[in-house]
Amino acid sequence: MFKYLFARNEDIPPGTAAVYFGYSSIIWFIIGTGLGSFNAAKLAFPDFVTGSELFAFGHMRQVHVHAVIFGWISMAFAMAMMYITPALGNTRLWSEKLGVWNCFLWNVGLSLGLTLLWTGMTSGREYSDFPWIIDLYIAAFIALPLAINVWMTILKRRTQGIYTTNWFFGAGVFMVTIVFLVGNTPEWFQLTGLSEAYLTWWFAHNVLGLWITPVAAAIAYYTVPKITGNPLYSHRIGHLHFWSVVVFYSTPAAHHLMSAPLPEWLKSFASVEGVLILVPAIAFVSNLLLTMTGKWHYFVDNLEIKFTITGVLLAIPLNMQGGFQQTRAINWYIHGTGWIVAHAHLALLGFSTFLEAAAVYYGLQTIMRRKLYSLTLGNFHFWLLLIGFATYWISMTIAGLIQGAAKIYEVPYIDTVIAEHPYMIARWVGGTLVFTSNIVWLYNMWMTARAGTEIPAGRLPHELAYER
Amino acid sequence: MAFREYKIGTRLFGVALGGSMMITLYFPTIDMTSVQATEVALRKALSAGRQNGFAYEDPFVTGEGKPVTVVLRKDPVTGEKMEPMEAYVFPPGTPFPSAIRHPRTLGSGVKELSLQQGRIGEADESRGAVFYVDHATYQGEKLAYIVNATAIKGWQPEQVLASVPEEDKKYIGTGKTLFVREQCWWCHTLLPEQTQDWQYFGVPPRLGDFNSEGPTAFGSDRKAPDLLHVASRNSSREWMLMHFFNPRLVQPHSIMPRFDYLWDEVDANGNKIDYAAWRKAYEEYEEGKRIYPPEVPEPHPDSRIRKLVDFILSLK
């Protein structure tokens with residue numbers, strides 16, 4: 001990587017930035033899920049690695065969250081943007097050099113930020129835990145260079161229109177920059193009290209709603225038509241998805257604080273808008289599943305489609321939960337329980353991760369012109385990831401329902417802890433399976449780069465999957 | 001080839017996102033910044049200090065630059081006995097909370113009383129100040145407001161600190177910073193829910209209970225009891241210390257981590273704490289080789305645990 005930082009832009013091979021982002025994202029995924037598994041072990045067995053400040057649960061928990069969101073998920077997004085945006089514009093990335101620098105500064109900044117969090121330097125605000133210097137760094141050296149590269153590539157495209165994926169990419173990088181700058185105003189300007197509490201959740205809601213969800217969906221809009229060869233079922237439904245994300249998904253931030261003393265009008269408004277999240281969700285899922293028409297054998301045959309469609313199918317329970325669990329009728333029961341933890345993992349480890357993994361698999365093979373080293377290991381990764389995730393999700397959902405029941409029946413709290421114990425062990429097992437699957441993935445991608453069969457010019461990786 | 005420029009689309013995008021931010025940021029903020037501060041909010045603001053997360057006065061989040069809460073039993077100037085009252089001492093250079101720096105965050109009424117009767121506008125960070133909370137009637141409404149005792153009674157911070165014995169000093173601001181730093185709020189919420197927590201965890205907070213507080217650290221993922229009113233349920237310092245050192249000493253099924261490292265190097269008598277020996281003795285107790293677990297060391301007054309427990313016991 002270092003040799004390209006100071007090379008001339010023309011001398012950097014196209015796709016270099018995407019490859020670096022791809023491998024960085026996998027490594028961060030391993031780090032993030034490793035920390036997740038470690039934290040889960042502590043919840044199941046509280047005296048596991050005990051009495052040390054650095055390895056205390058409170059110091060590790062947010063490092064897991066941020067390694068996964070800003071390392072794995074966001075870097076996989078950057079990887080997808082670096083190769084899909086130019087491909088859809090029939091052009092090259094605007095600046096490969098900026099992309100390489102972006103990846104370098106991203107890894108440096110994230111390592112620094114996570115180290116600070118780990119030592120206890122935190123803003124004390126969930127999801128915007130980073131101290132404000134790191135937030136500023138993220139906006140200036142991570143989000144903005146990415147945004148400039150994506151926008152300039154779209155502007156320099158050699159196609160008439162802009163495809164659905166690129167609307168989402170272009171808007172996503174803009175919105176995440178705004179969310180970072182506005183969502184951290186409590187720290188920039190020392191906002192306090194309810195405004196601080198509300199803006200914390202405004203940030204948390206929108207970093208998911210205006211960055212992770214739409215960009216993950218945008219990736220599926222590319223991979224499914226590209227691999228199956230079917231055109232997108234409906235461009236118009238894509239429009240509906242895009243506009244309803246911007247209008248409906250950006251508004252329900254207050255539904256994260258339904259049981260807190262916020263103004264009642266705000267909670268009611270957020271709750272109604274929260275149900276309307278079903279509009280983009282149904283548009284997205286139906287559009288993608290209808291695009292699969294006649295090509296459903298790919299769901300079995302092809303690794304990338306297997307990942308993508310699994311992610312799309314997981315969006316159904318995700319949005320059914322998301323739309324309704326925040327209404328007053330349901331929220332009072334499950335608020336603050338493991339149900340929400342399960343839901344967050346359904347969004348990030350289920351829906352979103354599966355879509356991004358497909359993009360990383362497909363992109364790395366396409367750019368490096370190397371066929372996947374081992375399809376068997378790829379399938380092993382898929383199943384281990386899915387089983388690990390499902391174990392986690394189901395056990396945490398059950399734990400959440402136990403906590404909810406205990407909450408309303410005023411059961412002594414320690415009895416809830418005792419009742420949850422088996423599910424905490426199951427959660428740890430699930431997380432460890434996910435962690436293990438990612439090590440297999442890194443090995444597979446590493447061997448693909450070193451020993452994968454070369455893909456001849458004019459062929460696509462998925463066409464050669466079963467050829468020797 | 002004429003390229004599409006998406007002029008309408010980009011403008012509509014601006015309108016949509018701008019409109020959304022207008023409704024979700026601008027309108028609620030107008031509403032929330034006009035909330036009138038309650039007595040709870042004033043006491044929290046004065047005991048916690050300016051900021052309990054990452055801040056320029058405290059970049060390593062160890063609780064630097066925070067006020068000291070004291071219980072006054074006699075007048076610090078005259079030495080006369082008086083009804084015990086809480087005062088909040090800001091030694092010179094300690095940053096004031098938003099409540100003092102920006103009195104408009106107190107909401108109408110509280111702001112006027114604090115400025116006119118409490119004279120908080122005269123407080124000067126570089127010289128320090130002492131505050132307390134008093135009550136008065138404003139337009140027929142009984143309100144709590146902040147009094148600048150340095151301006152009104154001439155109490156100087158050093159003088160007040162010198163007149164108070166160590167056991168009447170509470171490092172609540174530093175303790176709250178440690179609560180944020182050690183991330184107690186990942187498991188213990190500070191937010192009894194409005195719907196069903198009344199009986200078990202007490203009354204949910206009110207709209208005006210948060211003015212000037214930052215971070216609010218509500219917590220979202222409750223894996224342990226809510227702590228907003230914990231000291232009303234259990235105010236035993238002994239119990240808290242045992243529970244922090246090793247929660248399994250008092251609650252065998254607890255999944256809380258041990259926070260023995262907050263005892264730091266030495267105990268109350270200045271002896272070095274031998275953690276390895278303690279753990280070995282505890283293991284023997286667990287294996288049934290000892291009848292009683294080893295004694296939890298009495299913490300040094302400067303240790304972090306003392307300050308954290310000060311904060312926990314202030315949650316009434």
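**Where chain A meets chain B**

Author: Happy to! Please keep in mind that this is a predicted model. Let us start with the extent of the interface: 81 residues of chain A are in contact with 75 residues of chain B. Together the two chains bury about 6800 Å², and 63% of that lies on carbon and sulfur atoms. On the chain A side, the residues that lose the most area to chain B are Gln190(A), Glu410(A) and Tyr413(A), which together account for 10% of what that side buries.

Now for the polar side of the story. Between chain A and chain B, 31 residue pairs are in polar contact, counting pairs with both residues at pLDDT 80 or more. The interface also holds six salt bridges. One of them links Glu53(A) to Arg181(B), with the closest N and O atoms 3.0 Å apart.

Which parts of chain A supply the side that touches chain B? Eight helices can be named here, each giving at least two residues: H3 (57-88), H5 (132-155), H6 (164-183), H8 (193-228), H9 (235-249), H10 (264-275), H16 (375-408) and H17 (413-451). The largest share, 10 residues, comes from H8(A). By residue type, the side of chain A that touches chain B divides into 44 nonpolar, 24 polar and 13 charged residues.

Key: Residues numbered from 1 in each chain as written. Chains lettered and ligands numbered in written order. Predicted model: local features only at pLDDT ≥ 70, side-chain atom pairs only at ≥ 80, totals over all residues. Heavy atoms only, no water. Contact = heavy atoms within 4.5 Å. Buried area = accessible area lost by both parts, 1.4 Å probe. Salt bridge = Lys/Arg side-chain N within 4 Å of Asp/Glu carboxyl O. Polar contact = N/O pair within 3.5 Å; in protein donor to acceptor, adjacent residues only side chain to side chain. Helix = DSSP H or I, 4+ residues; strand = E, 2+ residues; numbered from the N terminus. Nonpolar A, V, L, I, M, F, W, Y, C, P; charged D, E, K, R; others polar.
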